[in-house]
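Subject: Structure handover

Hi,

Here is the structure I said I would pass on. Have a look at it first, and then read my notes below.

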Amino acid sequence: MLSPLPVFLAHRDSFLTAISALLVIVSSWATCWSVLGDGCLPESNMFGILVACVSGKLLGMVLGLVKIPPLIGMIAAGIIFRNVPGIKIAEGIDANWSSVLRTGAFVILLLRAGLGLKLDVLKKNKMLVTCLSVLPCVIEVIAVACVAVLALKLPWNWAFLLGFVIAGVSPAVVIPSMLALISRGYGTRVGVPTLVMAAATADNAFTITGFSVALNFVFPDEAASVVMLVLKGPLEVIIGGLAGVLFGYILSYIPPKSTHQTSIQFLILVLVGFTCVFGLKRATFSGAGVLAALVMSTVAAQKWQNKAEISGYLQLLWLIGETLLFTLVGAQVQLDLLNFEIVGYGLVCLCVGVLLRCGVAYLSVLFSDLNIKEKLFVCASWTPKATVQAAIGSIALDRVRESDPVDPDSELYGVTVLCIAVLAIIVTSPPGAALISLLGPRLLDHQPQEIVPIKDGESSDDHASSVAEQKETSDNV
């Protein structure tokens, strides 16, 4: 008879990891139940959030084993628990709780994106990065808006809102893929992966700012004139930029060096980021809050010598944030409100937008120092969509449902925007990630890297980031 001991020893780490995860899940629910009582029992708000998110994380881990982005599993779990009869536990999730949790996760993403934005790369290739981050986005927004008006019969303000929702490229897919290529020595001739990461982050900033302007036209202040609506967009950019620079400059010099400096900096960064986003949203300048959080982390990181450690803390926090964000976004999708027309025309919008985006991306780098293979790789890197779509796809629907009474037409428009955002994630994220992984070694130059051993307790992602930073430092020298 086969003894279980050899099996356990052979897979000891996997067993212990599974036991640790189970202990965290059970203790989390037990703690919530101890405090809230019946508020954590089945059919309650907290129970729905916990079960949906845990299931999303597990399904994402399973899909990750077969090289499918885990966020697909998280979104799928949310959709399942919202729509499958008998297990509709996500139906009991409070809309306000869901909105706050998703916004909080989005703040973590903004702070991570800001830390990853390299100002030296932006300065050195400012025209190239600007063209690559702005032109493809603008053309895709216009194309999607036109198709949405003609095919989906959306009003122009909702059509442009949809365009900005699905236009952003996904840093959650692009950045890890680029770090993996750098660690393997690909694209180091002119720093193509670094260029793509910088442009992707700038693309996200531009997309989110454009979305905020479009949102003002979808939900205008009744007392505001058209001129004020037009000026509010640039005003939010100015307010967000100034607030971000001010807070970032302050954070770059505090606290003084001490044993707990990194922990305190991380805590202040997160709390001020939350204050910017939620505070300016309450002041009706939601776009300014988003930009302020992004700029703040970018400015502060320029002076921080321990940026990698703070980034590691944010990465740990993002493990929770991404589960909340993607699972709760999936839980917003109501399949009974969908029809083949929305799905079909949504795919048309996506195809037209992505094709034009890739074409304009190629034109944006046409006169650069990149060779033709590197230009084609940049085009392939500009296809995956996930993070921005998950973060802002449901904001318009949330705003509609917060109004009293709820306008049925606006609710349908909001559901359409959300469903096409989810469709964009499902259709473009796995193929986009696969394209980058397959085409990178074939289209980029290769210089063998010095083998750097993985330190004890260091994950593969952290190791890739460390190697990438070492490579960048040596190139600058």
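At what angle do helix H4 and helix H14 pack, and how far apart are their axes? Keep in mind that this is a predicted model. The angle between H4 (residues 70-83) and H14 (residues 307-330) is about 45°, and their axes are 6 Å apart. That makes H4 oblique to H14, and the crossing is right-handed. On the H4 side, the contact is made by Leu-71, Met-74, Ile-75, Gly-78 and Ile-79. H14 brings Glu-322, Thr-323, Phe-326, Thr-327 and Gly-330. Sorted by class, the residues of this contact come out as 5 nonpolar, 4 polar and 1 charged.

Next, another helix pair. Helix H7 (residues 126-151) and H10 have axes that come within 8 Å and cross at roughly 45°, so these two helices are oblique to each other. Their crossing is right-handed. From H7, the contact takes in Leu-128, Val-129, Leu-132, Ser-133, Val-134, Cys-137 and Val-138. Facing them from H10 are Leu-195, Ala-198, Ala-199, Ala-202, Asp-203, Phe-206 and Thr-207. The class count for H7 with H10 is 11 nonpolar, 2 polar and 1 charged.

How many cavities of 30 Å³ or more does a search of the whole structure find? There are 2.

The largest cavity has a volume of about 290 Å³. Its lining has 19 residues, and those nearest the centre are Thr-103, Lys-281, Ser-286, Val-290 and Ile-395.

By class, the lining of the largest cavity has 9 nonpolar, 5 polar and 5 charged residues.

The second largest cavity holds about 80 Å³ of space. Among the residues that line this second cavity are Phe-106, Leu-109, Leu-110, Pro-171, Asn-204, Ile-208, Leu-294 and Val-388. H5 and H10 are the elements that give two or more residues to this lining. Which classes are found there? The lining of the second largest cavity has 9 nonpolar and 2 polar residues, with no charged ones.

Cheers

Notes:
Residues are numbered from 1 along each chain as its sequence is written. This is a predicted model: local features need pLDDT of at least 70, side-chain atom pairs count only at pLDDT 80 or more; totals for chains, interfaces and linings use all residues. Side-chain values use heavy atoms; hydrogens and water are left out. On a 1 Å grid over the protein atoms alone, a cavity is a set of points where a 1.4 Å probe fits but cannot get out, and a pocket is an open set with protein on both sides within 12 Å along at least five of seven lines; lining residues have an atom within 4 Å of a point. Grid points are joined across faces, edges and corners, and a volume is the space filled by probe spheres set on the points. Ala, Val, Leu, Ile, Met, Phe, Trp, Tyr, Cys and Pro count as nonpolar, Asp, Glu, Lys and Arg as charged, and the others, Gly among them, as polar. Helices (H or I, at least four residues) and strands (E, at least two) are DSSP runs, numbered from the N terminus. Axes are lines fitted to C-alpha atoms, for helices over the stretch in contact, and angles run from 0 to 180 degrees between N-to-C directions. Angles under 35 degrees count as roughly parallel, over 145 as roughly antiparallel, 65 to 115 as roughly perpendicular and the rest as oblique. A crossing is left-handed if the near helix is turned anticlockwise from the far one by less than a right angle, and right-handed if clockwise. Contact means heavy atoms within 4.5 Å.
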